[in-house]
Amino acid sequence: MSRTDQVHDADEGATGTAGSLLLLGLLAPLAGLGAGVIGALFRWVLARANQFRDALIAHLGHSGVGGFVLLVALAAMATAIAAWLAKRIAPSAAGSGIPRVEAVLREQVEPAPLRVIPVKFVAGTLAIGSGLALGREGPSVQMGASIAYHLGRLFRRSWADCRALLAAGAGAGLATAFNAPIAGALFVLERLVRRFEARMAMVSLAASAVAIWVARALLGNTPDDRVHALLSPGVVQEPLYLLLGVAAGFAGMLYNRTVLAGLGITDRLGGLPVELRAAIVGAAVGSIAWFAPGMVGGGDAVAQQALDGMGGLAVIPLIFLFRLLLIACSVSSGAPGGLLAPFLVLGAELGVWFGKLFALLLPALAIQPEAFALVGMAALFAGILRAPLTGIVLVTEMTNDATLLLPMIVACSAAMLVPALFGNSSILDALGARALARRDRHARVMPGQGPRTMNQAPGADDRPR
């Protein structure tokens with residue numbers, strides 16, 4: 001057992017009295033309430049921002065070159081402001097936010113201050129609303145985690161309790177982003193803390209349940225993605241899903257390396273201010289939106305087309321590669337936004353392509369390409385994040401369809417195996433290691449400072465007890 005685990009176990013033992021557990025059980029729903037409200041509001045604002053962008057493009061379309069220039073300028077300005085807010089006011093708000101939450105849970109960095117919530121909300125709205133291929137789940141997770149952690153501090157809870165609440169708030173944020181309460185709790189156990197324990201499960205389930213109850217009360221209760229009636233595939237089709245899983249494993253490796261390569265390019269452009277780099281990306285996205293408005297943003301419409309079985313065999317790979325490059329450019333802008341929703345779109349595109357190919361080659365099997373699109377989402381999730389249970393449950397809850405559980409299990413197992421054989425790490429692990437390496441390099445150039453952890457950082461003695 002590591003020293004960190006021993007510390008956690010000692011803290012949990014010290015706070016494991018019935019009274020402490022009861023208070024933690026009461027605080028978890030409050031954390032879920034906060035995460036649900038902020039997450040639902042964020043979803044609503046993003047929906048309005050996307051509608052505004054589409055309406056603006058339609059309106060400016062009658063203005064010729066002048067309308068094009070204005071759209072590009074507005075997209076560049078919105079993205080630059082988002083990057084400026086993250087860099088100047090709350091640096092911990094930059095990027096996805098999930099690697100930062102994981103680092104806090106491992107006591108590698110300090111929890112984010114409360115100002116990360118408004119900055120993440122506003123900057124995330126500007127970045128995603130301007131058309132960047134980023135997801136709503138990253139900001140929702142980080143905002144939910146911050147609300148829950150500071151709630152624990154308000155009630156003067158121990159670090160063990162605050163840590164549990166932070167993780168539960170993060171899961172509630174994910175649940176709200178995808179309307180998937182069980183997946184939110186599973187994400188905490190499988191990905192954030194990486195162990196199943198009754199205490200953490202209790203807190204995570206309570207927070208996610210309340211968050212979804214609030215979100216559905218505010219936004220309605222409809223699945224995020226619609227699917228046609230799917231038939232349970234026959235035994236003879238299972239090997240086809242295995243092949244899809246192998247492809248998803250390789251696609252996950254491609255995704256990870258492309259995103260990291262994009263970030264590496266921005267590192268070599270360190271002389272450019274982050275606001276200027278973000279403005280360049282925003283201008284490029286604005287130009288794309290002028291000609292193909294459906295191809296920018298989080299990609300919900302693209303995913304829905306795949307789940308409807310739409311697209312040609314020659315066109316789908318082009319859409320996949322285009323969206324992949326757009327995601328890499330969007331991530332490299334430094335603006336706040338998530339990674340999960342965009343690569344779920346890629347999974348749907350990958351799956352529907354394989355489904356159409358198999359349907360063409362094996363017409364006697366009566367293959368439904370949209371079924372492969374759904375399984376592809378879960379398989380790519382597993383291949384990129386190494387969280388197969390979360391991916392399976394997430395896709396099932398998002399589509400409200402449990403017909404394809406066995407094919408998803410088969411595909412996810414193969415998607416996990418491929419990157420493991422090649423030694424390719426999860427994108428969240430890679431981003432977390434990259435952030436810590438950058439912090440340590442920065443510390444080395446500042447005399448008298450070294451790597452900072454929860455126990456070494458100034459003010460660490462002020463942790464809640």
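Is Arg-191 buried or exposed, and what is its relative accessible area? Arg-191 is buried, with a relative accessible area of 3%. The points below concern a predicted model, and they take up its salt bridges and then its nonpolar cores.

1. **Arg-191 and Asp-429.** The buried Arg-191 forms a salt bridge with Asp-429, and the closest N and O atoms of this pair are 2.5 Å apart. Arg-191 lies in helix 8, whereas Asp-429 belongs to helix 18 (residues 427-444), so the pair ties together parts that are 238 residues apart in sequence. Asp-429 is partly exposed, its relative accessible area being 26%.

2. **Arg-194 and Glu-102.** A salt bridge also joins the side chains of Arg-194 and Glu-102, with an N to O distance of 4.0 Å. Arg-194 is located in the loop between helix 8 (181-192) and helix 9 (198-219), and Glu-102 in helix 4 (residues 98-105); the two therefore tie together parts that are 92 residues apart in sequence. For Glu-102 the relative accessible area is 0%, and this residue is buried. Arg-194, by contrast, is partly exposed, with a value of 41%.

3. **The network.** The two pairs described above should be read together. Glu-102, Arg-191, Arg-194 and Asp-429 are linked in a network of salt bridges.

4. **Arg-157 and Asp-161.** The structure holds ten salt bridges. One of them is formed by the side chains of Arg-157 and Asp-161, at 3.1 Å from N to O. Both Arg-157 and Asp-161 are buried.

5. **The largest nonpolar core.** This core has 116 residues. The members that touch the most other members are Phe-178, Tyr-255, Phe-343, Leu-385 and Ile-427. Among the elements that supply this core, helix 15 (residues 369-385) gives the most, with 13 residues.

6. **The surroundings of Phe-343.** Which residues does Phe-343 touch, not counting those up to four places away in sequence? They are Tyr-255, Ile-327, Leu-380, Phe-381, Ile-384 and Leu-385. Of these contacts of Phe-343, Tyr-255 and Leu-385 are also listed with Phe-343 among the core members that touch the most others.

Note on methods: Residues numbered from 1 in each chain as written. Predicted model: local features only at pLDDT ≥ 70, side-chain atom pairs only at ≥ 80, totals over all residues. Heavy atoms only, no water. Core = buried A, V, L, I, M, F, W, Y, C linked by side-chain atoms within 4.5 Å. Buried < 20%, exposed > 50% of the residue type's maximum accessible area, 1.4 Å probe, protein only. Helix = DSSP H or I, 4+ residues; strand = E, 2+ residues; numbered from the N terminus. Contact = heavy atoms within 4.5 Å.
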